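Colleague: I would like to learn how to read a structure like this one feature by feature. Could we take each general idea and then turn to the case at hand?

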Amino acid sequence: PSSRPGTSPSKMRFPRPATPQLREDLTHKIEELQVLRKERQEMETFRDDLVKRAKTLQVKAQGKRAAARDQWKKKYYEEKKKSGPLDEHLAKLKRELDTLNRKQIS
């Protein structure tokens with residue numbers, strides 16, 4: 001029977017092993033396959049756990065970066081607020097110094 005696209009193929013049936021040695025080999029291979037499947041599932045679970053931990057660490061790192069940035073911004077703006085009055089005071093002192101220098105020269 002030909003299989004058409006979109007239809008599922010019929011299940012394949014394998015002949016039963018003729019000798020006890022072949023049966024034993026088949027049984028052994030089936031057991032190996034089951035062990036490998038179980039190992040794969042365990043490794044996939046382990047991988048999923050690692051991915052979750054990586055995401056958690058990434059979120060923590062982003063949070064720390066954001067906190068450091070916010071702290072820096074806060075300090076920056078606090079210092080910026082202080083600089084205005086200090087600049088005015090500096091200009092006043094420069095004018096006074098200039099005045100004193102002119103008085104001394106004349």
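Modeller: Let us begin with exposure: a residue is called buried under 20% relative accessible area, exposed over 50% and partly exposed in between, using a 1.4 Å probe and protein chains only. By that rule Arg47 counts as exposed, because its relative accessibility is 52%. Please keep in mind that this is a predicted model, in which local features need pLDDT of at least 70 and side-chain atom pairs count only at pLDDT 80 or more, while totals for chains, interfaces and linings use all residues. Residues are numbered from 1 along each chain as its sequence is written, and side-chain values use heavy atoms, with hydrogens and water left out.

Colleague: How many residues does the protein chain have, and what percentage of them count as buried?

Modeller: The protein chain has 106 residues, and 1% of them count as buried. Accessible areas come from the Shrake-Rupley method with a 1.4 Å probe, and for residues only the protein chains shown count as cover; the accessible surface of this chain is about 11,100 Å², with 58% belonging to carbon and sulfur atoms.

Colleague: Where does H1 bend?

Modeller: A bend at a residue is the angle between axes fitted to the seven residues ending there and the seven starting there. H1 bends by about 25° at Ser83, and the proline Pro85 follows within four residues.

Colleague: How many salt bridges does the count come to?

Modeller: A salt bridge is a side-chain nitrogen of Lys or Arg within 4 Å of a carboxyl oxygen of Asp or Glu, and the count comes to four. Among them, Glu44 pairs with Arg40, with the closest N and O atoms 3.4 Å apart. An α-helix has 3.6 residues a turn, so residues three or four places apart point the same way. Glu44 and Arg40 are separated by about one helical turn, because they are four residues apart in H1. The side chains of Glu79 and Lys82 also meet in a salt bridge, at 3.4 Å from N to O, and these two residues of H1 are three residues apart, about one turn of the helix. Another salt bridge joins Asp48 to Arg47, the closest N and O atoms being 3.6 Å apart.

Colleague: How many aromatic pairs does a search of the whole structure find?

Modeller: Rings of Phe, Tyr and Trp (its six-membered ring) pair if their centres lie within 6.5 Å, and planes under 30 degrees apart count as stacked, over 60 as edge-to-face and the rest as tilted. The search finds two such pairs. Trp72 and Tyr76 are stacked, at 5.4 Å centre to centre with 10° between the planes, and both lie in H1, four residues apart, about one turn of the helix. Tyr76 and Tyr77 are edge-to-face, at 5.2 Å centre to centre with 75° between the planes.
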